[in-house]
Amino acid sequence: MEEAIEKLPKVELHAHLNGCIRESTLFDLAKERSVTLSHQHFHHHEPNAADDDDSPLFYNVRPRSLQDCFDIFAEIPKCVDDLISLRRITLEALEDFAKHNVVYLELRSTPKQLCFQSTATTKTGAQGQGGDGSGEQENNENKPRLASKKDYCHVILKAMEDFEKQQQQNQHHQKQVEPRLPTMTCRFLVAVDRSHSKEAAMEHIELAKDLVQSDDEYGYRVVGVDIGGNPTKNHFHDFRPAFEVAREAGLKITLHCAEVACHENNDPSNRVAYDEAKSILEFAPDRLGHALLLPPSLQSILQKAKIPVESCPTSNVMTLELAKDFHGSLMDGMKQHPQLPQWLESNHPISINTDDPGVFDTNPTKEWRLVQETYGLSLERIQQVLLESMDQAFCDTATKERIKAQMNLAFER
């Protein structure tokens, strides 16, 4: 079964770009920029556990609580501070997903204003990278010129374009006797960080609209929008107007939901989280991220609405600390998962994803092995979920049908 899972064509619908960063790359960039990373969260170790196929894969060697994750995400931008490093981590993320036979990938990221080139990587700082006037360059010699958020998106989209072309060239030149899996198709979601303002949210929705409507070269790769970030910050009703605009523009929508306890009781924080989760379900997005801690009353709404859920098994076990009482055993932690067993049993539409493979030391093959070994899924059931995941993708219908046909051919071999 291990080998069969490894060879399966896979679908990844929930992956954050910064969370995909390789640990080795993070250390490289930190060294270049003289950034000291937290010893609590980052330890240089070899080999990378996510690349092994032994039993240690299924142990939580590096605890990652929800708060740990947000602490980590505060450190990564210190290292990914220019468009050059952005392109590097994008291409490496694509390579890593393709290595595990992902045939369709939706990568998401919150657009940022980065430097064109980090001053830490050049002796001359911003010299030669300045504005149009020599006086401006002189006055701002030590201030790197910032790229726009559209530039940020273009770097990711161009990397996707280049990667797909390279895959096709490689496949053409290899001319293997055995039929190969299809090359990976890459799409992008523009993300909104809920810890930022509602004005910033609207800016990102308008950026996504602009990329789709006016960017002939790469616009087709932008297929939707997302809201994520620290779930204790702000409330979905603050951002709902922006997502209404997205819906009216024809953009697909996925929303992180119920990552923290939400109950209809007298506890103020629980009640706020409950009201927000209910508001998100009433909005009826195209997909939900996590939906981990919905109480029965809201789980009933989800089941009736059949909103697909992007499940991220390792991430869920680690952020909820489900393996804490089992000496770090991810499989034992998975048995405590609050929703996934029921979703599988009731055939609720779900996809299995990595969330932040660099942060959680995971990969798509590991996720499926963990799910299969915990719940005893048959190969046919895994194939069913993978095909249904493709139905939940935000790309156009023709792309879905093409990839599903290719997946079915691979399943038959």
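Good morning. The model I present is predicted; local features need pLDDT of at least 70, side-chain atom pairs count only at pLDDT 80 or more, and totals for chains, interfaces and linings use all residues. Residues are numbered from 1 along each chain as its sequence is written, and side-chain values use heavy atoms, with hydrogens and water left out.

Let me stay with α2, residues 23–32. Helices here are DSSP runs of H or I with at least four residues, strands are runs of E with at least two, and both are numbered from the N terminus. Just after the helix, S34 takes a positive phi of about 55°.

I turn to the sheet. It is open, has 8 strands in the order β1-β2-β3-β4-β5-β6-β7-β8, and its pairing is parallel. β1 (10–16) and β8 (350–352) stand at the edges with a single partner strand each, so one side of each has no neighbour in the sheet. Neighbouring strands are turned by 25° against each other on average, direction ignored; the axes are lines fitted to C-alpha atoms, for helices over the stretch in contact (heavy atoms within 4.5 Å), and angles run from 0 to 180 degrees between N-to-C directions.

Pairing requires at least two DSSP bridges between two strands. β1 and β2 (residues 102–109) run parallel and are joined by 5 bridges, with H16 opposite R108 in β2. Helix α16 (residues 379–391) lies across β1, β2 and β8, at about 55° to β1.

Next, β4, residues 222–228: 7 of its 7 residues are buried. β4 pairs in the parallel sense with β3 (residues 185–193) over 6 bridges, and V222 is the bridge partner of F188. From β3 the chain crosses through α7 (residues 198–214) to β4 in a right-handed β-α-β crossover; right-handed means that, with the strands pointing away from the viewer, the path from the first strand over the helix to the second runs clockwise. On β5 (residues 252–257), β4 has a parallel partner over 4 bridges, and I227 has L255 as its bridge partner.

Finally, confidence. pLDDT, the predictor's confidence in each residue from 0 to 100, has a mean of 88 over the protein chain. It stays under 50 over residues 46–54 and over residues 123–139. Where pLDDT is low, the predicted coordinates should not be read in detail.

Conventions:
Buried < 20%, exposed > 50% of the residue type's maximum accessible area, 1.4 Å probe, protein only.
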